[in-house]
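User: Hi! I am new to protein structures, and I would like to learn how to read one. Could you walk me through it?

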Amino acid sequence: MVSIAVNKGRENVAMLGIGAYRPKRIVSNDEVCEVLDSTPEWIYERTGIRNRRWISGDETLRSIAAAAGERAIVNSGVDRALIGTVILATSSWLKLTPHGAPSVAFDLGINGIPAFDLTSGCGGFGYALGVAADLIRAGSAEYVLVIGAETMTVGLDPTDRGTAMIFGDGAGAVVVGPSEENGISPTVWGSDGENAEAISQDVDFLEFMNKAQAMQGTDPAVTPIGRMSLRMEGQRVFRWAAVTLPRALSTALEVSGVAKDDIEVFVPHQANARINELMKKNLGLAEEIPMAGDIENTGNTSAASIPLAIEEMLVSGKAKGGQLALVLGFGAGLSYAGQVVTLPPAPVEPSF
């Protein structure tokens, strides 16, 4: 019988470098409230957000993804010619075809390698990190560039109290590769399709295109087509999170083989500061363990949230490279993904 070859990979993998890009435009709660029926104080009290970043000028999802990826490669010290795969975690690339990763790889000077998008909402970075680690362990790649990038504001309804005050834009990236000691635990992930519509676009592509076709020849100033805006049932999501996320965090610790007392940093998805404080308390993490708080001045950047938060902690000195961190992304799907990781070194080229 003919024997088919099997790839041999690396057992130990880690994040070797991190990079980020934060759009130039800073949007305060005061500015949001010029359109939204709310107050700056109420927004901060309910979400923990004071400011967020929105793309402007020539900034696009493609450009900010490439900028974050470039910084991650430089900060990792890995020759870009060794990058074997690019994974772009995003929910806001505007085209189904072509998908974004090949274009971003081209912009980074690594055209021709496998490059694909991964869409899993705010849990996207955790999903992509797990896939990257498993690709290397399976021998399908030696180094993988993982980028989480979002321009959530492109499809945002500025009058929607459920979303307008929450979301921002940004990109974060890591180079994942072989290491002497393992720095990425098995991924704990899952989804809940029963409650998936709790976070969704208000129309699908077919409905949008049919509406556009019906309006051909009309004056768009008089009869606007509108746009696909993101809607969220906050209380429904909160209830799901309260039940699902503590279990996910506990399981992530269990499968990692790391004791809770060994965790040095907590990096939850930057969705809501109140939810994150509650998760930390319910998990029983020591009060002195630093927790990511990038949401205060960056907002919820979906799949970019966790790498942006890690980069902020490393740059500010709240965390150090080599420390053990518990990370968890969660959101649309409804889905989640978590790992215990060793933090990469502080970036030489930070985004601030």
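Predicted model: local features only at pLDDT ≥ 70, side-chain atom pairs only at ≥ 80, totals over all residues.

User: Thanks! How do I describe two packed helices?

Analyst: Two packed helices are described by the angle between their axes and the distance between the axes. Helices here are DSSP runs of H or I with at least four residues, strands are runs of E with at least two, and both are numbered from the N terminus. Axes are lines fitted to C-alpha atoms, for helices over the stretch in contact, and angles run from 0 to 180 degrees between N-to-C directions. Now take helix H7 (residues 234–256) and helix H8 (residues 273–283): their axes are 10 Å apart, at an angle of about 45°.

User: What word describes how H7 and H8 lie to each other?

Analyst: H7 and H8 are therefore oblique to each other. Angles under 35 degrees count as roughly parallel, over 145 as roughly antiparallel, 65 to 115 as roughly perpendicular and the rest as oblique.

User: Is the crossing of H7 and H8 right-handed or left-handed?

Analyst: The H7 and H8 crossing is right-handed. A crossing is right-handed if the near helix is turned clockwise from the far one by less than a right angle, and left-handed if anticlockwise.

User: Which residues of H7 and H8 meet?

Analyst: From H7 come Phe-238, Leu-245, Leu-249, Ser-250 and Leu-253, and they meet Ile-275, Leu-278, Met-279 and Leu-283 of H8. Contact means heavy atoms within 4.5 Å. By type, the residues of this H7 and H8 contact are 8 nonpolar, 1 polar and no charged. Here Ala, Val, Leu, Ile, Met, Phe, Trp, Tyr, Cys and Pro count as nonpolar, Asp, Glu, Lys and Arg as charged, and the others, Gly among them, as polar.

User: At what angle do H3 and H4 pack?

Analyst: Helix H3 (residues 61–76) and helix H4 (residues 100–107) pack at about 55°, with axes 9 Å apart. That makes H3 oblique to H4, and their crossing is right-handed. In H3, Arg-62, Ala-65 and Ala-66 meet Ser-103, Val-104, Phe-106 and Asp-107 in H4. This contact of H3 with H4 has 4 nonpolar, 1 polar and 2 charged residues.

User: What should I look for in the backbone?

Analyst: Most residues other than glycine have a negative phi, and most peptide bonds are trans. In this model, a cis peptide bond joins Thr-97 and Pro-98, with omega about -5°. Pro-98 sits in the loop between strand S4 (83–89) and H4. Another cis peptide bond links Gly-333 and Leu-334, with omega about -25°; Leu-334 is in the loop between strand S12 (324–331) and strand S13 (335–342).

User: What is the phi of Ser-302?

Analyst: Ser-302 has phi near 55°, a positive value in a residue other than glycine. The loop between helix H9 (295–298) and H10 holds Ser-302.

User: Is Ser-302 buried or exposed?

Analyst: Ser-302 is buried, with a relative accessible area of 3%. Buried means under 20% relative accessible area, exposed over 50% and partly exposed in between (1.4 Å probe, protein chains only). Thr-301, at 0% relative accessibility, also counts as buried, and Ala-303 is buried with 1%. Gly-77, in the loop between H3 and S4, is exposed at 66%.

User: What does Thr-301 touch?

Analyst: Not counting residues up to four places away in sequence, Thr-301 touches Glu-150, Gly-168, Asp-169, Gly-170 and Leu-308.

User: Where is Glu-312 found?

Analyst: Glu-312 is in helix H10 (residues 305–316), and Glu-312 is buried at 12% relative accessible area. A 2.9 Å polar contact joins the side chains of Glu-312 and Lys-318. A polar contact is a pair of N or O atoms within 3.5 Å; within protein, one must be able to donate a hydrogen and the other to accept it, and residues adjacent in sequence count only if both atoms are side-chain atoms.

Terms used:
Residues numbered from 1 in each chain as written. Heavy atoms only, no water.
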